[in-house]
There are 2 protein chains.
Amino acid sequence: MTTTTPSTTPGTTSSATATSRQWQLIARPVGEPKPTDVRLVEVSLPALADGEVRVANEFVSVDPYMRGRMNDTKSYVPPFGLGEAMTGGAVGRVVESRAEQLPVGTLVVHMLGWRDVAQGPASGFRAVPEVQRGGVAVPSSVHLGILGLTGQTAYAGLTAVGRLQPGEVVFVSGAAGAVGTAVGQVARLLGASRVVGSAGGPEKVARLRERFGFDAALDYKAAPVREQLPALVPDGVDVYFDNVGGDHLQAALDVMNRHGRLVLCGAISGYNASPSQPGPAGPDNLANAITRSLTLAGFTLGDFASLLPEATAKLAAWFDQGKLQHEETVVDGVENTFEAFMAMMRGGNTGKMVVRVG
Amino acid sequence: MTTTTPSTTPGTTSSATATSRQWQLIARPVGEPKPTDVRLVEVSLPALADGEVRVANEFVSVDPYMRGRMNDTKSYVPPFGLGEAMTGGAVGRVVESRAEQLPVGTLVVHMLGWRDVAQGPASGFRAVPEVQRGGVAVPSSVHLGILGLTGQTAYAGLTAVGRLQPGEVVFVSGAAGAVGTAVGQVARLLGASRVVGSAGGPEKVARLRERFGFDAALDYKAAPVREQLPALVPDGVDVYFDNVGGDHLQAALDVMNRHGRLVLCGAISGYNASPSQPGPAGPDNLANAITRSLTLAGFTLGDFASLLPEATAKLAAWFDQGKLQHEETVVDGVENTFEAFMAMMRGGNTGKMVVRVG
């Protein structure tokens with residue numbers, strides 16, 4: 001198998017022996033996914049065609065939206081095919097190249113995750129810089145997190161969707177997750193006057209305040225969100241960034257200020273819903289949207305491609321200046337990707353959940 | 001009592017004898033309002049102060065939003081005070097004036113409804129034209145309907161909130177109501193390719209198609225909206241104009257196209273909710289907003305004051321050209337205003353519900 005050790009010198013890997021270990025979906029989960037819904041297989045890779053590259057992944061991403069792709073329903077990304085390799089964000093290094101623009105050794109981000117070795121046309125891979133901070137190399141997983149889709153999602157959601165203005169109050173659910181920790185910090189950097197988060201358990205709550213600069217945080221496992229939230233936002237909420245849905249969305253609707261914006265990014269509380277275990281009920285107070293002129297806007301990053309250069313530049317500058325904390329939960333081994341995904345779905349991570357490959 | 005007959009010659013009504021019959025809220029309704037929650041009283045009016053006018057109302061408006069004002073909750077308009085006259089849209093004629101800009105005989109719209117005679121500072125009254133069509137005088141109630149708040153709400157909701165584009169599909173709930181009939185027609189005039197409505201009962205459904213030009217309509221009393229709607233919108237829905245909430249909003253979320261807009265104008269299905277009779281559950285499919293990048297925007301006309309000149313001009317031109325049908329349900333007598341309000345809340349009207357006063 002192709003080595004996954006970062007290489008800075010051109011390699012001479014033999015195409016003939018290249019294989020890839022990759023995860024396939026073999027049954028559509030009902031409710032919470034089971035180990036029998038997926039399998040890890042080793043496949044032989046064909047020799048590269050002209051214009052293609054082979055990439056040894058360093059890290060692959062597991063994200064809540066992937067649960068939706070396991071269903072056979074219309075969405076912004078097509079469902080995973082049964083018996084086909086699953087996909088997702090990944091960062092790796094070119095180990096063999098038949099594309100001039102991506103020579104061997106180039107660090108790239110791409111969507112052929114859930115596997116250790118990826119290959120395909122160079123257009124599917126994007127070169128990213130080696131990142132240092134304070135003279136120390138930062139693991140390439142940062143390109144899956146605060147400098148990647150995660151940070152970009154937070155930035156686009158707060159600016160283009162949430163139209164956050166300096167001096168406004170922000171509440172974010174799932175605040176200890178990858179997107180949530182980014183949202184809290186970016187909101188502050190954009191001038192929010194108060195940033196409040198929700199997370200599960202006292203350790204995460206403490207971490208939000210101590211490491212990520214939240215003004216206040218609540219533990220949604222300790223008492224209903226609807227009971228806890230009002231005391232934390234005495235001046236109401238102007239922008240609510242929703243990663244959870246259900247009880248959190250309902251609690252936010254209670255405290256939104258007139259002309260508030262609710263940025264609907266995720267609804268993890270309902271992702272494992274099934275006929276026998278329905279997801280949470282819809283909010284019973286949606287009529288507040290009328291009486292307070294609220295806007296609820298669902299979005300995905302794909303809607304904001306034109307914003308990405310700005311987002312990437314801002315995030316990189318803030319990161320370089322030490323203004324953005326980046327926390328990861330790292331699981332080792334491509335063979336543990338499914339387990340990492342399930343742990344993330346259950347909230348077993350703070351910050352970005354990634355799998356170190358190879 | 002001051003005469004309510006339209007007068008075109010300056011009157012000489014005596015201030016000393018002027019009285020007004022007006023409706024007061026005396027108890028906050030729990031659930032459906034009861035006749036004992038209100039009372040009709042006759043009050044003496046003081047002599048006009050400088051800058052004031054006295055207006056004999058010709059028509060007063062009853063609207064769904066008034067139910068919310070009967071509750072003591074934060075909203076975009078303050079609640080009705082207990083023991084005070086209720087207010088609302090009205091059109092009438094100046095019968096006594098101490099304000100130069102509004103001489104006796106002027107037709108005016110204003111917010112001192114729920115009574116037969118109104119008076120106050122001239123700044124609270126706005127002169128409106130006498131309307132004719134085909135050489136025939138149109139009753140002044142048109143200024144409460146298609147040329148008033150109703151038509152303006154439809155126009156603002158479809159344009160500024162819904163961002164309707166030519167060629168798009170529109171679905172409107174409560175389509176046989178005042179706002180609904182306006183929305184269907186204005187949507188067509190703005191270039192919608194298909195206009196579908198929901199109403200209660202076969203007569204209203206037929207009327208939507210035959211009189212108001214809807215392409216299709218469903219009877220929400222005949223079967224669940226969620227079951228009926230998909231067949232009527234084979235190409236999905238781009239703009240949903242919601243007057244109802246509950247099951248209608250949920251059904252719309254099922255069929256919205258990517259980047260669709262849901263204009264939240266009313267939620268009459270939940271207006272009479274009480275602790276013992278909760279309103280409809282929230283939609284169980286709000287996560288579609290994320291996967292399809294939908295925007296749900298609540299609004300009230302007050303947010304769009306700057307749009308009113310444009311709206312008024314367009315509506316007047318369309319009306320003059322015979323392109324807007326205007327239907328009313330007229331109840332006679334200020335003493336029947338509460339009954340008319342309750343009938344409207346139960347859907348006992350097609351088009352605008354008004355009370356003819358005097």
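How many salt bridges does the rule find across the interface of domain 1 and domain 2 of chain A? Two are found there, a salt bridge being a side-chain nitrogen of Lys or Arg within 4 Å of a carboxyl oxygen of Asp or Glu.

This is a predicted model, in which local features need pLDDT of at least 70 and side-chain atom pairs count only at pLDDT 80 or more, while totals for chains, interfaces and linings use all residues. Residues are numbered from 1 along each chain as its sequence is written, chains are lettered from A and ligands numbered from 1 in the order in which they are written, and side-chain values use heavy atoms, leaving out hydrogens and water.

View 1. Domain 1 covers 15–145 + 327–356 and domain 2 covers 149–304 (bounds from an automatic or database domain assignment). R207(A) forms a salt bridge with E327(A), with the closest N and O atoms 2.2 Å apart.

**View 2. Salt bridge between chain A and chain B.** D303(A) and R258(B) form a salt bridge, their closest N and O atoms lying 2.7 Å apart. The contact (heavy atoms within 4.5 Å) takes 25 residues from chain A and 25 residues from chain B.

**View 3. Strand pairing between the chains.** β15(A) and β15 of chain B (residues 295–298) run antiparallel and are joined by three bridges; strands are DSSP runs (E, at least two residues), numbered from the N terminus, and two of them pair if DSSP finds at least two bridges between them. L296(A) stands opposite L296(B) in β15(B).

Terms used. Helix = DSSP H or I, 4+ residues; strand = E, 2+ residues; numbered from the N terminus.
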